[in-house]
Amino acid sequence: MAPGNGSFMTQFILVGLTDQPDLQLPLFFLFLIMYIITMMGNLGMMTLIGLNSHLHTPMYFFLFNLSFIDLCYSSVFTPKMLINIISKKNIISYMGCMTQLYFFSFFGISECYVLTSMAYDRYVAICNPLLYNIAVSPKVCSSLVLGSYLMAFFDATTLIGCMLRLTFCDANTVNHYLCDIHPLLQLSCTSTYLIEMEVFIVGGLNIIIPSLTIFISYGLILTTILRISTMEGRSKAFSTCSSHVIAVSLFFGSSAFMYLRPSSVSMDEGKISSVFYTNVVPMMNPLIYSLRNKDVKLALRKTLRRGEF
């Protein structure tokens with residue numbers, strides 16, 4: 001019996017990053033180390049925020065959720081990826097593939113909107129500091145995060161609904177290390193034009209709208225910073241935003257290259273880009289926000305002294 005609407009496929013074969021045997025072991029250890037750093041970094045960030053009351057602020061509430069998303073996001077595909085690297089048959093079932101794609105989309109879209117919420121927090125803190133306690137109240141923060149997850153739920157459901165309408169006949173080799181949209185579209189034995197348009201619209205909106213919102217927020221922030229008379233004030237304002245700018249640039253830049261790329265770009269180039277937003281960004285986020293943040297460093301020292309970390 002077909003496992004999906006119109007699909008005759010029961011399983012897929014994931015090609016992985018490369019088919020060169022001599023690179024498999026180095027890649028396994030590379031991504032294993034990256035995954036361990038990702039887990040430790042994000043769990044550590046969540047623990048620090050939870051244990052230290054002076055980090056119970058809107059900015060760290062968003063950062064806590066970002067760490068949670070990165071933790072889950074990386075765990076959706078990395079364990080399976082590591083198994084596939086050292087396995088002779090890189091097989092994933094049809095339902096396993098669709099499930100992986102759903103949660104991969106859900107956490108990826110969630111990250112887009114949580115990063116946007118963090119930009120809003122920085123905008124209010126710098127441009128309207130007197131209204132900060134009202135404009136970024138606990139109720140507003142909770143609503144923004146809940147809205148991020150709801151947007152991710154509806155958009156991921158829409159995307160997976162599109163993919164379940166595809167018909168797969170004979171070809172079952174996915175040219176990727178995970179079940180992603182574009183490589184699966186290439187395997188369909190029926191026309192994918194309408195589905196590609198739907199995917200492009202949903203994916204485009206989830207990249208372009210948050211990107212524009214963040215860009216406008218930081219444009220206004222930059223204007224406000226340039227009006228600060230003292231160099232010390234400017235430096236402090238810039239330092240509060242620099243970590244977020246780096247994280248946003250890495251995530252949205254690599255995501256846009258993958259999902260808004262022209263058809264002339266090969267899938268192999270797309271896989272390399274995918275490594276940045278699937279593996280590098282979740283690993284780098286806790287490092288970016290901790291190494292450049294005095295509050296996090298102080299919290300780490302206090303927690304280490306208490307022997308609770």
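How are helices α1 and α10 oriented to each other? In this predicted model, where local features need pLDDT of at least 70, side-chain atom pairs count only at pLDDT 80 or more, and totals for chains, interfaces and linings use all residues, they are roughly perpendicular (65 to 115 degrees). Residues are numbered from 1 along each chain as its sequence is written, and side-chain values use heavy atoms, with hydrogens and water left out.

Select residues 21-51 for α1 and residues 294-306 for α10, which pack at an angle of about 80° with axes 10 Å apart; helices here are DSSP runs of H or I, at least four residues long, and strands are runs of E, at least two. Next show M45, L48 and L51 of α1 together with V296, A299, L300, T303 and R306 of α10, which make the contact (heavy atoms within 4.5 Å).

Then turn to F12, L115 and L184, which touch the most other members of the 82-residue largest nonpolar core, a set of buried (under 20% relative accessible area, 1.4 Å probe, protein chains only) Ala, Val, Leu, Ile, Met, Phe, Trp, Tyr and Cys residues joined through side-chain atoms within 4.5 Å. Helix α3, residues 94-127, gives the most to this core, with 18 residues. Around L184, leaving aside neighbours within four places in sequence, the contacts include F12, C97, M98 and F168.

Finally, select residues 91-109 and 130-154, which are among the spans that an unreviewed UniProt entry annotates as "transmembrane region". Residues 91-109 are 84% helix and 16% strand, with end C-alpha atoms 26 Å apart, whereas residues 130-154 are 84% helix and 0% strand, with end C-alpha atoms 35 Å apart.

Key. Axes are lines fitted to C-alpha atoms, for helices over the stretch in contact, and angles run from 0 to 180 degrees between N-to-C directions. Angles under 35 degrees count as roughly parallel, over 145 as roughly antiparallel, 65 to 115 as roughly perpendicular and the rest as oblique. Buried means under 20% relative accessible area, exposed over 50%, partly exposed in between (1.4 Å probe, protein chains only). UniProt positions are given in the numbering used here, feature names are shortened, and annotations may be inferred rather than shown by experiment.
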